[in-house]
Amino acid sequence: MKNGFGGGQQSQVSVKTKEQEVAEAFAVAHKYHLSGDLQKAEAIYRNIFEADPNHVDTINNLSVILIDRKEFNDANLLLEHGMQIAPDNHRIVENFGYNLAAQGREEAALPYYEKALTIEPKSQQTYVMYGKLLYLLGKYDQATEQYKKALKINPKNIAAMENLAATDFVMGNFDESIDLYEKVIELNPKCGRLYRTITQSKKFKSADDRHVKMIEGFDIDGVDAESRSHIFFAKGKIYSDLKEYDKSFEYYKKGNDIKQKLIPYDQYNFDRFFTQAKELYTKAFWDNNKFSGSSSEVPVFVVGMPRSGTTLTEQIIARHPDVDGAGELPFITRNAAAIASLMKDPKITQQNAGVIVPPILKKFAQDYLHRLTLNVKDKNVKHVVDKQPTNFQYLSEIALLFPKAKIVHCKRNALDTCISNYFQYFIDGNTFANNLESLAHYFNAYENIMEFYKENLPLEIYDLEYEKLTSSPEEEARKLLEFIGLEFDERCIHPEESKRAASTASAWQVKQPIYQTSQQRWRRYEEHLQPLIKALNNPPV
């Protein structure tokens, strides 16, 4: 065994001493792990594993590092070994499920979490992780049950309480959500994220509001950059509601400036992605490739810029008795690169493509349809809506999978769309939203690729203008439903009456009657938007 598990000369030790040394080394590695120094933690874990391949705690912790780094195959090998030597270790079983879930195989992961809880029914962490998995699958009631089980074991479990609050938010239980976030704040008062989430659940009407005072009283010194960013976004929302627009923009800019430094926008790779799409998916491509994954007309894809009215549009369509909504599914995003790689594979020629490609596309399409309809209660519905906005990037792959699918393209005033993105705290992705110039770049690229797709793809694409929809809901809803092939239904123009969850940042807004107050919102901030206006290709007049 290496001295200290970190290098050096061999030590001749007894079995007992070896066990002690492993325990001491693991304690050091675990301390590094908890502090975030994963490089040092991993090095020691690997040395422990080399000396004792059956050290279960090391297998567990090392596998988590590998999973979080997306080294799924290595994690799987490690956990398969763990399952052989310790099949009844609840953390080994749970992490096996975690590895599957991290790869987008949420359904396959469910039995492992269930087994882990059978082995250890008092594991708070497993209940929370299981709840988060169910949440990702859109099973919000079941997720709620798991969080409550964790809280029954420990009423002060912060993760369970915060996730339950988030689930209440998407289910429209805003008062309950706020109450829970306040309880979490009592336990974790320096977490800026908690304060910001409260501001998303209500409209502020007075500076005397207790939540305004609470957020204004937040001590921003001594907290990390991420928490400061959350607080600035919270204040931006408050002062926007209170119509103090200059002050609001100042706070939003401070929050975005921090986010931009934490995760910069990768303009180069984004441009390269669209360039490659244009080079591949030309009219000649479609003339030469007539195969597809499925002839199903069940999917309706609602696409467009984030914050362009996609949630409202989904709620309107899904209110129809012949339609259900699936929310924002990650399936197309996760699999688009694999589909594009397939079409670019030099081994696939015009001669063999018709044999090789269709079965693969069919499997992708079947998997997608399974996920799309997973939570549909009425299996006789004609359509299910996937409202992942950024699927606009992958309309070419959608055309390969579902050439008969209906595409609803949500369009909104460029400046209103951009500032709505600028004012939204995105937890994951959408790094373009943190800077006015990068927002303009992304919006210009979006307009450009949509024009290309409309001219070249064999898809039916319907342009739905947000301003017209909110000004004349019934007229626009009738035309929208006609495009999809549905008769008008009065319920469609009352999305606020829907009992469906809305798992997006617009969850609060879509529970209000259709309103027009977000039109021309940019004019309130016009003097701050000159970099954006100058950089847009087609700025509104």
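Predicted model: local features only at pLDDT ≥ 70, side-chain atom pairs only at ≥ 80, totals over all residues.
Mentor: Residues are numbered from 1 along each chain as its sequence is written, and side-chain values use heavy atoms, with hydrogens and water left out.

Trainee: Why is H4 called roughly antiparallel to H5?

Mentor: Helix H4 (residues 72-85) packs against helix H5 (residues 90-102) at about 155 degrees, with the axes 10 Å apart. Angles over 145 degrees count as roughly antiparallel, so H4 is roughly antiparallel to H5.

Trainee: Which residues of H4 and H5 make the contact?

Mentor: Contact means heavy atoms within 4.5 Å. On H4 the residues include Phe72, Leu79 and Met83, and on H5 they include Ile92, Val93 and Phe96. The contact residues divide into eight nonpolar, four polar and one charged.

Trainee: How do you know that cysteine 410 is in no disulfide?

Mentor: A disulfide is a pair of cysteine sulfur atoms within 2.5 Å, and a search of the whole structure finds zero. For cysteine 410, the nearest cysteine sulfur, that of cysteine 492, is 15 Å away. Cysteine 418 is likewise in no disulfide, as the nearest cysteine sulfur, that of cysteine 410, is 16 Å away.

Trainee: What makes cysteine 418 count as buried?

Mentor: Buried means under 20% relative accessible area, exposed over 50%, and partly exposed in between (1.4 Å probe, protein chains only). Cysteine 418 has a relative accessible area of 0%, and is therefore buried. Cysteine 410, at 1% relative accessibility, also counts as buried.

Conventions: Axes fitted to C-alpha atoms, helices over the stretch in contact; angles between N-to-C directions. Helix = DSSP H or I, 4+ residues; strand = E, 2+ residues; numbered from the N terminus. Parallel < 35°, antiparallel > 145°, perpendicular 65-115°, else oblique. Nonpolar A, V, L, I, M, F, W, Y, C, P; charged D, E, K, R; others polar.
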